[in-house]
Amino acid sequence: MSSHSLRLWSWIHKWSSLVCTVFMLLLCLTGLPLIYHHEIGHLLGNDVEAPAMAPGTPRANIDKVIAAGRALYPDKIVMYISQELDEPAIWNLTLGDHPTDEHYKPIAVDARTAQVITEPAFEGGAFMSTMFSLHVDLFAGLYGKLFLGLMGLLLLVAIVSGVVLYAPFMRKLDFGTVRHGRTQRLKWLDLHNLLGIVTLVWALVVGATGMVNTWADVLLKYWQATEIAAMLEPYKGAPPPTHLASMDAAIELAERAAPGMQVGFVAYPGTPFASPHHYGVYMRGNAAFSSRLYKPVLIDAQTGVITDQRALPWYLTGLLISQPLHFGDYGGGWMKFLWALLDLATIVVLGSGLYLWIKRGRAAQAARSTRPAPESAQPALARTGEGR
Amino acid sequence: MNGAFLKLWGMPILLGLLTTIGLVSALLGDGIWDIVSAFALGVPVLAGLWYGLRGWRS
């Protein structure tokens with residue numbers, strides 16, 4: 001590598017990381033509890049459990065389930081109902097003042113008895129919802145998300161430039177060498193290189209999928225403006241539905257239309273996943289991979305007939321597949337544990353990078369005051385090696 | 001591919017491939033797929049711990 005391109009890549013690595021490091025440290029720290037949100041919810045007593053019943057107990061009429069939840073808040077409307085893949089005994093209801101209410105009320109209803117189980121803590125309680133907001137949007141909504149997405153892009157640039165710089169730094173060393181020089185700096189440089197290269201692919205994937213996730217709102221809006229708008233052509237000028245058709249019948253219809261699949265969630269009219277005139281019934285498979293892929297069945301919310309069913313566009317499918325790769329929630333306990341360790345390793349990479357930059361300033365200053373020789377008199381690699 | 005290239009990039013490529021297998025495997029299935037994933041993803045983590053702690057102490 002020529003000394004010119006080495007300096008260029010060093011510059012790219014330095015500035016891309018410096019700008020995003022503080023935010024990445026925040027994301028790593030807040031992401032750590034999010035990996036274990038189920039376990040933490042359990043410890044805090046915030047998780048929802050349905051009473052044990054004989055397996056195969058038939059499910060209750062879903063309209064009764066919804067009525068039970070709405071009885072708690074008669075003035076609110078239903079936004080979503082959903083089921084976890086591994087918990088068919090619970091319907092999770094989301095009620096709000098309007099279809100995009102951010103201060104919605106979550107309610108868990110027993111799917112077999114139509115009895116309200118509990119009103120779960122909002123987003124897992126104060127601690128977890130704070131961690132979640134700091135991790136997702138810095139309490140700043142769409143702009144916060146897009147800002148963090150931009151920081152994610154800088155992280156990717158920092159990772160790629162870091163790999164380019166790995167070669168000149170490690171050419172003469174065995175893998176994993178950690179040198180101990182006169183200063184702590186050399187040791188931390190080697191640890192930075194080691195942990196950086198070890199976590200490389202994981203950090204790239206988690207960084208890239210995190211960035212894609214910040215675009216979720218924008219992608220949904222685009223989908224609304226294109227495909228949903230096309231489906232709404234026949235409804236032009238029609239008033240919004242005055243009464244809502246039976247959800248129980250709608251789900252049965254969707255289950256027949258998508259054999260072998262089960263309901264993931266239903267979006268009510270006016271929410272981002274539906275249209276003002278439709279229920280969006282999102283069916284999914286029940287195997288590891290197919291459970292990540294949703295097939296929307298759109299049902300006229302007034303007449304209860306299927307008006308359209310189409311595959312999700314590629315960009316929403318991509319979004320859905322990117323989510324588990326970011327969360328690390330798809331491989332059981334060991335994967336979560338490894339996710340946490342990789343997260344901690346990334347914190348060390350970020351912290352050591354910052355340390356190397358701070359020490360670099362001091363080292364350069366000391367060099368200027370004690371050594372009259374111009375820096376260009378040193379071999380290029382040694383210069384950047386100390387100077388990064 | 002010469003020796004110098006492998007000396008420099010051999011381990012990074014190996015660990016990168018294992019990470020990729022680890023990330024993809026659990027996505028495709030449960031049971032054995034999750035186990036493969038844990039082992040494949042565990043190797044880079046262990047390598048980081050092993051070399052890191054060794055370098056830290058010595």
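1. Ground rules. Residues are counted from 1 along each chain as its sequence is written, and chains are lettered from A, with ligands numbered from 1, in the order in which they are written. Because this is a predicted model, local features need pLDDT of at least 70 and side-chain atom pairs count only at pLDDT 80 or more, while totals for chains, interfaces and linings use all residues.

2. Confidence in chain A. The predictor's confidence in each residue, pLDDT, runs from 0 to 100. Chain A has a mean of 89, with 93% of its residues at 70 or more. Within chain A, helix 7 has the highest confidence, at 97, and helix 12 (residues 380-387) the lowest, at a mean of 41. Helices here are DSSP runs of H or I with at least four residues, strands are runs of E with at least two, and both are numbered from the N terminus.

3. A stretch to treat with care. Over residues 371-388 of chain A, pLDDT stays under 50, and the model has 16 contacts beyond four places in sequence for them. A contact means that the C-beta atoms of two residues, placed from the backbone, lie within 7 Å. Where pLDDT is low, the predicted coordinates should not be read in detail.

4. The form of chain B. Chain B has two helices and zero strands. Its radius of gyration, taken over C-alpha atoms, is 14 Å, well over the 10 Å from the globule rule (2.2 Å times the number of residues to the power 0.38) for 58 residues, so chain B is more spread out than a compact globule. The C-alpha trace of chain B spans about 40 × 35 × 10 Å along its principal axes.

5. Strand 1 of chain A. Strand 1 (residues 77-84) pairs antiparallel with strand 2 (residues 87-96) of chain A over six bridges; pairing requires at least two DSSP bridges. A hairpin of two residues joins these strands of chain A, and Val78(A) has Leu95(A) as its bridge partner. Strand 1 of chain A also runs antiparallel to strand 5 (residues 262-267) of chain A, joined by three bridges, with Tyr80(A) opposite Ala267(A).
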